[in-house]
Amino acid sequence: MSTLTPPAARAGDHLNIVIVGHVDHGKSTLLGRLYADTNSLPEGKLDKVRDICRRQGKEFEYAFLFDAFLEEQEQGITIDTARTFFAWRDRHYIIIDAPGHKEFLKNMISGAARAEAALLVIDAQEGVKEQSKKHGYLLSLLGVRQVAVVVNKMDLVGYRQDVYGAIEAEYRAFLAQLNVTPERFVPVSAKIGDNIANPSVHMPWYTGPTVLDTLGLFRKETAREHQPLRFPVQDVYKFDARRIIAGRIAAGRIKVGDRLVFSPSNKSANVKSIEGFNVEPVPTEAKAGQSTGITLDEQIFIERGEIASLEDSAPLVSTTFRCNLFWMGRRPLEAGKKYLLRMATREVECEVAIIHRIIDAADLAARQTQSIVGRNEVAELTIRAKAPLAFDLYGDFETTGRFVLVDHYDVAGGGIVTESVRDEQTVLREEARRRDIAWVKGDVGPDDRARHFGHRAALVLITGDRHTGKSFLARRLEIRLVADGRHTYLLDGANLRRGLDTDLVDADTKEMVRRFGEVARLLIDTGLIVVSTTNTFGQADHQAIRTLVHPAPVIAVHMSKTEDAPPPNTDLAFAGPKDFEAIADRIVEELKRQGVLAQAIGAKQQFHYSI
Amino acid sequence: MDTHLRRLEDQSVYIFREAYKHFDHLAMLWSMGKDSTVLLWLARKAFFGHVPFPLIHIDTSFKIPAMIEYRDRIVREWRLNLIIGQNKEALANGMNHTMGRVTCCTALKTNGLKNLLAEKGYTGVILGVRADEEGTRAKERYFSPRDKHGDWDFREQPPELWDQFKTTFPEGTHIRIHPLLDWTEVNIWEYIRAESIPIIDLYFDKGEGTRYRSLGCAPCTAPIKSTARTVDEIIEELRHTTVAERSGRAQDEGRGMELLRKDGYM
């Protein structure tokens with residue numbers, strides 16, 4: 001049984017460091033030497049590895065200490081990153097030894113992505129190589145801003161200052177192009193032990209810090225808690241009476257009583273409590289970095305992937321943005337192909353709209369534009385998501401400004417957002433956002449209505465050419481839903497023209513669409529399932545309607561006479577001669593699948609989603 | 001709490017929540033040792049006092065009896081859903097450590113686990129392995145895929161960046177989830193102290209000058225010489241030791257762990 005003692009406050013902080021550089025430039029040797037010279041190895045480890053080397057008849061290398069896989073030791077290369085733990089002078093380090101071989105670049109990236117500072121190793125004899133540059137470039141892209149350059153194997157060049165000086169000048173010039181200023185350059189021989197933990201006797205011309213000193217000189221990244229709030233919703237829990245919005249605060253802080261706005265749904269509510277387990281006293285505030293949970297004073301429906309912020313400092317919302325991306329996929333990235341985009345906790349399908357240029361990491365020159373990005377290449381792209389998402393520019397916020405693309409089953413690319421691109425919905429989306437945030441609400445919320453009606457509000461949008469049976473289907477569906485006890489209303493676009501739109505001239509379709517969208521939004525707010533046919537509106541108009549009723553579910557049903565490809569975002573498509581009752585059944589099924597209709601499970605009405 | 005422990009806790013909780021969100025068939029291994037008990041505590045942190053998935057104990061039948069008593073008590077007190085897996089066939093055929101340690105671990109632990117996973121159809125399994133325990137674990141991912149045979153392909157590990165984990169996988173494979181990867185042995189004890197987590201008393205010296213530092217099966221786990229009677233004394237002792245934590249664990253000899261883990265050992 002553990003004894004109860006107050007938590008000890010300990011001096012010293014923790015830092016994640018990554019060691020990168022070209023293959024064979026001596027990263028693992030540097031790490032092994034650092035441990036050996038500071039007596040940080042477990043008892044007997046050095047002897048054990050020396051013994052294995054003797055038995056296998058090869059020369060002992062410090063690199064073997066951390067290359068755990070047989071294959072790594074046999075080939076003398078690191079295949080995958082190793083996390084090692086190291087403490088010196090009240091500071092604790094997790095040191096990540098990243099592989100330098102081109103083939104294992106994705107492993108290097110996995111290692112570097114969690115680092116706060118980097119040691120970049122360059123072989124004095126070989127000089128600046130391809131991966132030296134690529135790794136430098138990727139560090140800047142990954143947001144690792146503290147970089148120290150270690151010029152290794154100085155023993156092989158006779159400890160000559162001019163060789164060291166030339167490498168420093170060349171690499172400093174390269175980093176300057178990336179706007180990276182290295183903390184310092186250190187000449188070392190990891191094999192001999194020069195300037196690792198102890199100052200070198202062979203290089204009296206160098207009086208700067210050793211590698212060990214350099215680690216101590218890295219600064220702890222300052223907290224992000226002073227930035228505006230970013231709280232990406234990770235999940236919504238209802239394990240007991242509490243409905244807890246769980247997530248990790250990416251920036252800023254949350255206090256009880258704060259008015260939060262969720263993007264892109266534009267819903268808002270006040271923070272009622274900060275929840276925790278075994279936390280005394282009950283907290284009233286949580287800050288950046290914390291995995292926490294909150295309850296709200298109103299039961300608004302929000303989902304994973306939304307970002308909570310304060311009203312006056314909300315994130316950007318668009319479907320489209322410009323970015324820098326590196327690709328690690330086995331298959332090349334292709335323009336026009338569909339990928340899964342994951343940004344903070346949001347997951348949405350996207351496609352690469354434009355490949356602007358591919359950057360050659362060796363000289364940072366733009367190569368000729370092409371339609372694919374190959375493995376281990378870096379590119380500037382415009383990405384368009386299927387649905388609007390909330391994000392920030394990477395320069396403003398780290399966590400909500402970077403993303404990965406998933407191809408097949410794997411994370412295949414990582415990128416940072418450099419620019420928000422206005423799409424055709426930007427104007428209406430901003431209107432909807434201002435309207436939603438300022439909306440005066442009664443005490444009956446959507447969840448109350450849903451519970452009372454047994455369904456959520458939604459829009460069933462029936463599209464297609466004339467004489468495909470849209471109008472007939474809409475009528476059948478309304479009858480069917482009302483007979484089932486669902487609160488449903490048929491909204492025909494033509495009706496508005498005879499009332500609400502009489503002040504408009506016929507050509508002003510844009511304003512008609514806007515008004516139609518706002519009316520649909522209003523009806524949805526009352527809790528209804530709105531069934532609509534809009535003969536007069538085209539595909540672009542349907543998108544505008546979606547924007548205005550967002551985030552209510554829209555079920556798009558397309559009717560056609562022939563088997564043509566339905567428009568994008570269609571949920572159900574029906575071609576040829578039709579059995580309208582069967583189609584109505586399919587729509588009802590789809591409404592259930594999307595969680596609009598509750599389903600009776602036992603005596604209780606249950607929704608697919610959690611209210 | 002120490003800010004570093006806090007960061008470790010935040011990261012582990014984040015991983016737990018990602019796992020729970022993405023895996024419909026999720027379970028967690030619990031060996032009653034200090035690490036997986038901290039893991040269990042972190043699950044309760046992540047889900048506000050609840051553990052919304054079953055726990056699995058692979059019972060080799062060679063566990064120290066006190067571990068079973070402790071297990072049953074905690075299950076009762078915390079109202080946990082525990083599933084016990086056992087390779088009964090291997091045991092019936094007389095499997096034990098004298099037939100070779102790697103052979104025995106593979107049969108009773110690795111295969112015991114694989115059989116249970118196949119039977120129950122779990123696609124996500126949460127484990128308490130730590131990077132500082134031994135070399136191959138230092139190279140693990142937080143979300144680490146296993147193929148149809150439960151094998152680990154360390155050559156082709158998926159990239160893992162910015163807390164975007166591998167949560168999609170082909171049918172028939174599963175993912176091992178490691179929320180404790182960044183924790184060290186000392187961190188575990190510091191957290192046990194900070195949170196007052198009830199830990200099995202085999203870890204403490206009871207006047208004989210020995211205690212267990214790592215728990216496994218009785219025949220293959222030896223206590224160490226130590227007079228640490230409290231969590232404080234253990235932390236103090238660990239801060240000054242250079243002896244590896246698993247020095248009392250026989251299966252780590254030679255290349256044992258690489259071979260075991262490649263085939264799906266924890």
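My entries on chain B follow.

**Overall.** I noted at the start that this is a predicted model. I looked up the secondary structure of chain B and found eight helices and eight strands.

**Size.** I checked the radius of gyration of chain B, which is 18 Å. A compact globule of 266 residues would have a value near 18 Å, so chain B agrees with that expectation. I then took the box along the principal axes. The C-alpha atoms of chain B fill roughly 55 × 50 × 35 Å.

**Packing.** I asked what share of the 266 residues in chain B is buried. The figure is 55%. I counted as buried any residue with 20 or more other C-beta atoms within 10 Å of its own. Next I looked at contacts in chain B with a separation of 6 or more. Of these, 76% join residues 24 or more positions apart.

**Sheet.** I traced an open sheet of six strands in chain B. The order reads S3-S2-S1-S4-S6-S5, and the pairing is mixed. Which strands stand at the edges? They are S3 (82-85) and S5 (143-146) of chain B. Each has a single partner strand, so one side of each is left without a neighbour in the sheet. I also noted the twist, which averages 30 degrees from one strand to the next.

**One pair.** I zoomed in on S1 (residues 26-29) and S4 (residues 124-126) of chain B. These strands pair in the parallel sense, over three bridges. In this pair I found B:Met28 opposite B:Ile126 of S4(B). As a reminder to myself, strands of a sheet pair through backbone hydrogen bonds, either parallel or antiparallel.

Conventions:
Residues numbered from 1 in each chain as written. Chains lettered and ligands numbered in written order. Predicted model: local features only at pLDDT ≥ 70, side-chain atom pairs only at ≥ 80, totals over all residues. Helix = DSSP H or I, 4+ residues; strand = E, 2+ residues; numbered from the N terminus. Rg over C-alpha atoms; globule rule 2.2 N^0.38 Å. Buried ≥ 20, exposed ≤ 12 C-beta atoms within 10 Å, placed from the backbone. Contact = placed C-beta atoms within 7 Å. Pairing = 2+ DSSP bridges. Axes fitted to C-alpha atoms, helices over the stretch in contact; angles between N-to-C directions.
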